[in-house]
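Me: I am new to this structure and would like to know what stands behind the words used for it. Could you take me through them?

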Amino acid sequence: MSKTADKQLESVLSPGKGATPADWARIRAEFASKARKRGLVDISYEIHDSPFGPLLIGATTQGLVRVGLSTETQEAVLNDLAMRISPKILSGSRPQIKLARKQLDQYFSGKRKEFKLDLDWQLTHGFRRQVLDVTDAIPYGETRSYREVATQAGSPKAVRAAGSALAHNPLPIVVPCHRVLKTDGHVGNYLGGTPMKEQLLEMERGTA
Amino acid sequence: MKPFEHVIDQHGPAILRYCAGRVGPERAEDCFQETMLAALRSYEKVRDEKAVKAWLFKIATRKSIDIYRSHAKQDAPAGQLDPVESRRKSDQPGHSDVWSVVDHLPDKQRDAIYLRFQGGLNHREVGVVMGISESAARRNGFEGLKRLRSESGSWS
């Protein structure tokens with residue numbers, strides 16, 4: 001059999017064009033929607049534009065489980081969730097995500113002082129959970145020191161551990177770890193970088 | 001395991017193209033959705049990142065055969081147009097003959113050709129999907145091509 005006939009045969013057998021980008025986006029979205037309806041998705045997420053860059057908003061059926069700041073890569077955040085909770089993660093919306101996005105916008109524009117969201121705390125346990133619970137209760141426009149938070153969480157000497165708990169807050173902004181400062185009054189560290197922490201505090205001072 | 005979202009990023013387009021190749025453009029999306037839902041449902045069973053591609057093509061092959069069979073019964077009661085020909089004509093005019101011959105090859109040759117040409121898999125990957133050795137995959141592919149050449153003449 002001739003080489004040209006071979007080549008002809010192989011070109012005839014080759015696949016047709018793939019889907020257009022628009023079609024592919026639609027097909028993906030339909031898949032995510034079907035998967036969610038069948039209860040196959042453990043974590044849904046969307047990317048939300050904010051004054052501090054894109055935020056990854058992740059939710060389980062229990063509630064908001066993760067807020068990823070722009071200082072964290074999406075890939076790292078998702079890989080972490082896949083490892084610690086479940087790899088059944090698909091982009092797409094849930095009511096909890098829609099609500100979180102709406103409330104975040106209100107918060108950033110100074111119209112909301114308190115978040116009213118169902119939170120999924122499964123990523124945080126023990127003392128860290130106590131620290132973040134205490135943090136969650138710090139009112140808008142106020143601050144506490146690491147020492148005060150450690151004390152309220154039941155271990156006045158565990159100031160470093162309290163700092164670590166705050167550094168591992170899976171729900172920054174919503175759980176206001178930005179309201180915790182060093183005892184000497186310095187701003188201290190922040191997941192999203194110190195400038196962001198300062199800006200959040202300034203925004204709250206201005207609107208309080 | 002990687003987030004399933006990344007699995008779709010990485011393999012989705014190839015699976016969609018493969019589905020279109022096996023069941024035609026009109027049923028490609030259904031085939032794709034069925035494949036991905038089945039994959040997501042059993043995602044925890046995959047232990048190894050490297051096994052994901054072959055596993056997806058295995059599911060897609062099963063689903064496309066199911067869809068092909070169920071529509072073959074519906075579309076082609078005795079005497080009517082072969083469903084393969086009717087769907088092929090809409091996608092690649094003039095090429096419908098080849099695929100109807102492929103569809104009537106022995107199962108292993110048919111699958112080897114689909115996986116190679118519509119799936120873009122190499123011989124080793126074809127073997128993994130089909131659960132046979134690489135050389136058996138190669139052999140089935142070549143036997144299938146030989147049959148195509150002898151049964152169908154020129155393709156232009």
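Reply: Gladly; what follows goes term by term through the two chains. This is a predicted model, where local features need pLDDT of at least 70, side-chain atom pairs count only at pLDDT 80 or more, and totals for chains, interfaces and linings use all residues. Residues are numbered from 1 along each chain as its sequence is written, while chains are lettered from A and ligands numbered from 1 in the order in which they are written.

Me: What makes G63(A) partly exposed?

Reply: A residue is buried if 20 or more other C-beta atoms, placed from the backbone, lie within 10 Å of its own, exposed if 12 or fewer, and partly exposed in between. G63(A) has 17 such neighbours, so it counts as partly exposed. You will find G63(A) in the loop between β2 and β3 of chain A.

Me: Which residues are in contact with G63(A), leaving aside its neighbours within four places in sequence?

Reply: They are Q96(A), L117(A), D118(A), L119(A) and D120(A). Being in contact means that the C-beta atoms of two residues, placed from the backbone, lie within 7 Å.

Me: Why are β3 and β4 of chain A said to stand at the edges?

Reply: The open sheet has four strands in the order β3-β2-β1-β4 (chain A), with mixed pairing. β3 and β4 (89–91) of chain A each have a single partner strand, so one side of each is left without a neighbour in the sheet. Strands here are DSSP runs of E with at least two residues, and helices are runs of H or I with at least four, numbered from the N terminus.

Me: What puts the buried residues of α5(A) on the same side?

Reply: The buried residues of helix α5 (residues 126–136) of chain A are R128(A), V131(A), L132(A), V134(A) and T135(A). They cover an arc of only 155° around the axis, which puts them on the same side of α5(A). The arc is taken from the directions from the helix axis to the C-beta atoms. Their cover includes α6 (146–152), α7 (159–167) and β6 (180–181) of chain A.

Me: Where are the domains of chain A, and how many residues of each are in contact?

Reply: Domain 1 spans 28–108 and domain 2 spans 126–207, with bounds from an automatic or database domain assignment. Eight residues of domain 1 of chain A are in contact with nine residues of domain 2 of chain A. On the domain 1 side, strand β3 (residues 64–68) of chain A gives the largest share, four residues.

Me: And chain B: what is it made of, and which element gives the most to the side that touches chain A?

Reply: Chain B has eight helices and zero strands. Of the 156 residues in chain B, 42% are buried. The contact between the chains takes 33 residues from chain B and 28 residues from chain A, and α1(B) gives the most to the chain B side, with nine residues.

Conventions
Pairing = 2+ DSSP bridges.
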